[in-house]
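Biologist: Please put the model up. I have some questions about it.

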Amino acid sequence: MTRFAIALLAATALAGAAGAKTLTVTPGPDAQERIQTALLDAKPGDVVELAAGRYDLTDGLSLDVDDVVVKGAGPDKTVLSFKGQKGAGEGLLVTSDRVTLRDFAVEDTKGDGLKSKGSDQISFINVRVEWTGGPKETNGAYGVYPVSSSNVLVDRTLVRGASDAGIYVGQSKNIVVKRSRAEFNVAGIEIENSMNADVFDNVVTRNTGGILVFDLPNLPVMGGHSHRVFRNQVVDNDTPNFAPKGNIVAGVPVGAGIMVMANRDVHVFENRIDGNQTAAVMLVSYTQKFDDKAYNPLPRDIVVRDNQLGRNAWDPQFSGGQVIKAMLGGKVPPIMWDGVTTHAQSPGVAKVRISDGPVLNLNLPAPGQVEAAKPAITPTVGDVHVAEPKAVVLPKTQADLGA
Amino acid sequence: MRLGLALLAALASLGAAPKPEPVALEALLAEAPAPRLSDYRLFADAAGRRPNGGVTPYALNTPLFTDYAEKFRYLYLPPGAKARYRADGVFDFPVGAALVKTFAYPADLRRPDQQVRYLETRLLVRKADGWVALAYVWNAEQTEAVLKRAGARFEVAFTDGQGAQRRIDYAVPNQNQCKECHQLDRTLQPVGPKARNLNGDFAYATGPENQLAHWTRQGLLAGAPPPGRAPRTVRWDDPAEPLEARARAYLDANCAHCHQPRAIASNSGLFLNVEETRPSHLGVGKGPVAAGRGSGGLSVGIAPGRPDASILAFRMASNEPGVMMPELGRSLVHDEGVRLIREWIAAMPAS
């Protein structure tokens, strides 16, 4: 203990702003205790620096100090391996504000990779989260996982192998996910029960589903809205669904490019969407039973425009997809809307504007009633004006991290 | 009663010892935590077996399961200070209060008074600006406990109540992990000492007495009604109590520190605190939100009448990180707890 304290003191050097320190941790024995101690000792303004090398960890790490940067030597140089994890759900849990996690990798956590709960201004920059055995049901659920957070920045991250979503933002607001790569996850990127997300310039490939924008009932934060999904490459999402049953993403059909479920004001534009066998874009209602009186299960005020569509929807895998394909003579359009426009808990009539096409409108009378589908194909759907949500603006210091 | 006997034995030996210095309130209130547990003088002996003057043992009707560890709990209040009674939530403790909990294993759980090894003593100290959580780990000689902020693991072997050998990898939580379970509205709070969980008899050296009555009589607690008018959580393992009440008491003690609207698992929408009445938030027919493989391939938290189809029972019956719940504080499955929750689910009318 004493020996260790002295080592830490020696490693502690004044840097940058007055009083701000860098606490350096190096690989080796007792890495668990040394990293965790640095995360406990850090004071606001400090940097916890994880030197290059591999760290074999047995328990989840956590940070609860505001204004701290946790920084490695690069996502292929500083590797936190949780292969031998014995306890706690996630790799690193952040519960404080104005925290930046950058330039390191987290591998093989038993649960989620990097999580923040209730953080304001949480940034994930140039990090890698990976399950190294490839897609497996036993992999952890989420790779990069901010939840109940505000001002979220995910930039230049790489996530592979998550058994739920690679990058998952839940019950949060003011969100930027950009320049990241998600592959071999069940869902590449998922924005759930959240407000104001900009998801752009990402590469989302070889997942089951590419980018999901969902809203679910019975959660403390509900009524997701105002997202822009643009300039992403959503390509070849062809990994069979390996999510454990029961999870909402276990119902995502393989080859769903971009999927919007039960949300409002979602704009999908200027993406390149190619090689997704179920659909390029799907707009669907929440189909499971719920008793939440405040929940709206329909997608509404959705815009799909100016996307570059390659070959998609040649073999749709959603429930009833094969029957519909047969009804349509074997050729299924790349954009699909379930066509549900009214619901007891949805005010007015749900509107969409889909200017990319052709569009398959299933004209379902109610969520999930695929057996009552009256499929119709039109070049486009709807001409309503739906104002585009304003660009997400993060606080300046945080935005600068992602410049 | 067991504890009472141990305490009596301890008190008997006290007579021979010189009167110890009082509890070091200034050490409890110092900004930096003391490096050794003995610095606080909460105990009259180096081994931490005999509480010092002003340190009162207590027990909870339904406690958290921690790998079958024995827990010895104590309350310290500064001289003349009182806790204020609240019917709901934990009491309002004065600055300087300390809640002390030692985790220990007898070599054989069937002989709980013999060969008891202390592993760690955790403190929750009420400072002027809030609670602080600290863990002190005992040495092998059982003569000293030192501060461990970053957590620790060590092997513990014991014989369980059925005579089976158990070997566990015991985990001392790191300081943030203390806070994960002990936070309410993002501030650190005690979990156990609520009126309803203290409202029961304790075997004091002077004889059994209701704890609320005893604390009031000793001047430790102000504003408490007579025990009969205070809320009471049942003992989860008392077969004389209704199944529903036992199950809800168990879930409240073992899950609700995280699974309630104001704590760290609020985003799950699964609320297992005793106050919750909405079936969907208790898990009935509720799909998982962020469970991942913790779902076990099952669709809902609770499927009434069908424990095998209920994620709640599945995760309690696992000891695999990433699947098991709670995710901190245990490595073994609490067989008796799982049995109780399965019985409760089985008894729910299937709709």
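Modeller: Questions and answers on chain A and chain B follow.

Modeller: This is a predicted model, where local features need pLDDT of at least 70, side-chain atom pairs count only at pLDDT 80 or more, and totals for chains, interfaces and linings use all residues. Residues are numbered from 1 along each chain as its sequence is written, with chains lettered from A and ligands numbered from 1 in the order in which they are written.

Biologist: How many strands are there in chain A?

Modeller: Helices (H or I, at least four residues) and strands (E, at least two) are DSSP runs, numbered from the N terminus. Chain A has four helices, and its strands number 35.

Biologist: Is A:Gly118 buried or exposed?

Modeller: A:Gly118 sits in the loop between strand S11 (114-117) and strand S12 (120-125) of chain A. Buried means 20 or more other C-beta atoms within 10 Å of the residue's own, exposed 12 or fewer, partly exposed in between, with C-beta atoms placed from the backbone. A:Gly118 has 22 C-beta neighbours inside 10 Å, so it counts as buried.

Biologist: Which residue of chain B touches A:Gly118?

Modeller: Contact requires C-beta atoms, placed from the backbone, within 7 Å. Leaving out residues up to four places away in sequence, A:Gly118 touches A:Thr95, A:Ser148, A:Ser149 and, from chain B, B:Arg186.

Biologist: In S7(B), what is the bridge partner of B:Tyr136?

Modeller: Strands pair if DSSP finds at least two bridges between them. Strand S6 (residues 130-138) of chain B and S7(B) pair in the antiparallel sense over three bridges. The partner of B:Tyr136 in S7(B) is B:Leu147.

Technical notes
Two residues are in contact if their C-beta atoms, placed from the backbone, lie within 7 Å.
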